[in-house]
Amino acid sequence: MKIQFRIRRYNPNDRNAPEPYYQAYTVEVALGMTVLEALLKISEEQDSTLSFRKSCRSAICGSCAMTVNGFSRLACNLQVLPEFQKMGGMTIEPLANHRAVKDLVVDMTPFWNKMEKVNPFLMPTEKTASNAVSAEDEELIDQSQKCIMCACCNAECNALEIDERFVAPAALAKAWRFVGDVREGHGVKRLERLSEEHGMWDCVRCVHCTQYCPKGVAPLKQIERLRSAAMKAGILDNPGAKHVEAMAESVEKFGRLDEAAMTFKTLGFLKSLGKIPLGIRMELHGKMPHPYIVPQIEGIEEVREIYREAAAREKEKKKE
Ligand code: SF4
Ligand code: SF4
Ligand code: FES
């Protein structure tokens, strides 16, 4: 079957076409052919100037990540025919949230810089180095060890799209790999740094990183583990932790979110004043309850029973 590939081309050094444009290539596609194999065919038979990265061809090196039909994928791990049948076309672009260097090749420097920032190696102390790792301990960090550094998660991250300083999901998942390791000796220090601005609390929980990670690392789950560990370690003096506390308090009190009170508790009085116009617009659109009259939901006692049960369980756990 012949399929047309629409590929985003870009070569800043080409004086005749320095701006990005799309080029179409028709490829005879065989059953089982991957997107990477199709790109190699184009490069070998039609256009040797087409640039893209690849190495292992078996979904373990992470180099062939690109945007296929709008979503971040590993080209070597995606068959052309099912994708074409599902999406009705085949458009290939470089990874989003990354600067294209040439065609499908992106600059990975910011990705590696973020990774470096979280110290991606174990830092044991004399006391922790010989801690035995049980099967349960291993289970806790198992997912985060599967990362192949493909950057698909960062490419899909909504928080990174609006703030390039955000540490982003790949590095956060890597951070949990070490914070969650029982041999790690500087976990609290790491959590303190990750709780700073542009750190783990800037994630907006859109779940894209987990949805598009090709290796099942589930970065959002690792971020939640980091957040929970930070709060348990008493690292609470930051907007993220304050927001969680305000949210829990509001649900226990009313069974719903008291957005106005949460904003004040999260940001403090002065910073919250700037949010008043937004708050008024939200209220006018029925997006938040009146700031002074927050009605309790029916069955609030059942909600409070959940809180009591959770507190009792936490107490039990601490005794063990
Ligand atoms: S869940 Fe958080 S880290 Fe993951 S993609 Fe969304 S904003 Fe980014
Ligand atoms: S967490 Fe998943 S998507 Fe992100 S870099 Fe690692 S393997 Fe790729
Ligand atoms: S070529 Fe290695 S992951 Fe695709």
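Helices here are DSSP runs of H or I with at least four residues, strands are runs of E with at least two, and both are numbered from the N terminus.

Before going on, a word on the source: this is a predicted model, in which local features need pLDDT of at least 70, side-chain atom pairs count only at pLDDT 80 or more, and totals for chains, interfaces and linings use all residues. Residues are numbered from 1 along each chain as its sequence is written, and chains are lettered from A and ligands numbered from 1 in the order in which they are written.

Back to the pair. H11 covers residues 239-254 and H12 residues 259-267; their axes come within 8 Å and cross at roughly 150°. Axes are lines fitted to C-alpha atoms, for helices over the stretch in contact, and angles run from 0 to 180 degrees between N-to-C directions. H11 is therefore roughly antiparallel to H12; that term is for angles over 145 degrees, with under 35 roughly parallel, 65 to 115 roughly perpendicular and the rest oblique. From H11, Pro-239, Lys-242, His-243, Ala-246, Met-247 and Ser-250 meet Ala-261, Met-262, Lys-265, Thr-266 and Leu-267 of H12. Contact means C-beta atoms, placed from the backbone, within 7 Å. By class, that contact has 6 nonpolar, 3 polar and 2 charged residues. Nonpolar is Ala, Val, Leu, Ile, Met, Phe, Trp, Tyr, Cys and Pro; charged is Asp, Glu, Lys and Arg; the others, Gly among them, are polar.

As for the overall layout, the domains are domain 1 (2-106), domain 2 (109-232) and domain 3 (239-309), with bounds from an automatic or database domain assignment. The centres of domain 1 and domain 3, taken over C-alpha atoms, are 46 Å apart.

Now the ligands. Which residues come nearest to ligand 1? Of the 15 around it, they are Cys-157, Pro-169, Cys-203, Cys-206 and Cys-209; a residue counts as near if its C-beta atom, placed from the backbone, lies within 6 Å. H6 (158-162), H9 (208-212) and H10 (219-232) each supply at least two shell residues, and H10 has the largest share, with 3. The shell around ligand 1 has 11 nonpolar, 2 polar and 2 charged residues.

Ligand 2 has 14 residues around it, of which Cys-147, Cys-150, Cys-153, Cys-213 and Val-217 come nearest. H5 (152-156) and H7 are the elements giving two or more residues to that shell, and H7 gives the most, 3 residues. The count for ligand 2 is 13 nonpolar, no polar and 1 charged.

That leaves the partners of H7. H7, residues 168-179, packs against H10 at about 55°, with axes 8 Å apart, which makes the pair oblique. Their crossing is left-handed. The residues in contact include Pro-169, Leu-172 and Trp-176 of H7 and Ile-223, Arg-225 and Leu-226 of H10.

With H8 (residues 187-194), the axes of H7 come within 10 Å and cross at roughly 160°, so H7 and H8 are roughly antiparallel. This crossing is left-handed. Ala-175, Phe-178 and Val-179 of H7 meet Gly-187, Arg-190, Leu-191 and Leu-194 of H8, giving 5 nonpolar, 1 polar and 1 charged residues.

Terms used: Left-handed = near helix turned anticlockwise from the far one by under 90°. Contact = placed C-beta atoms within 7 Å.
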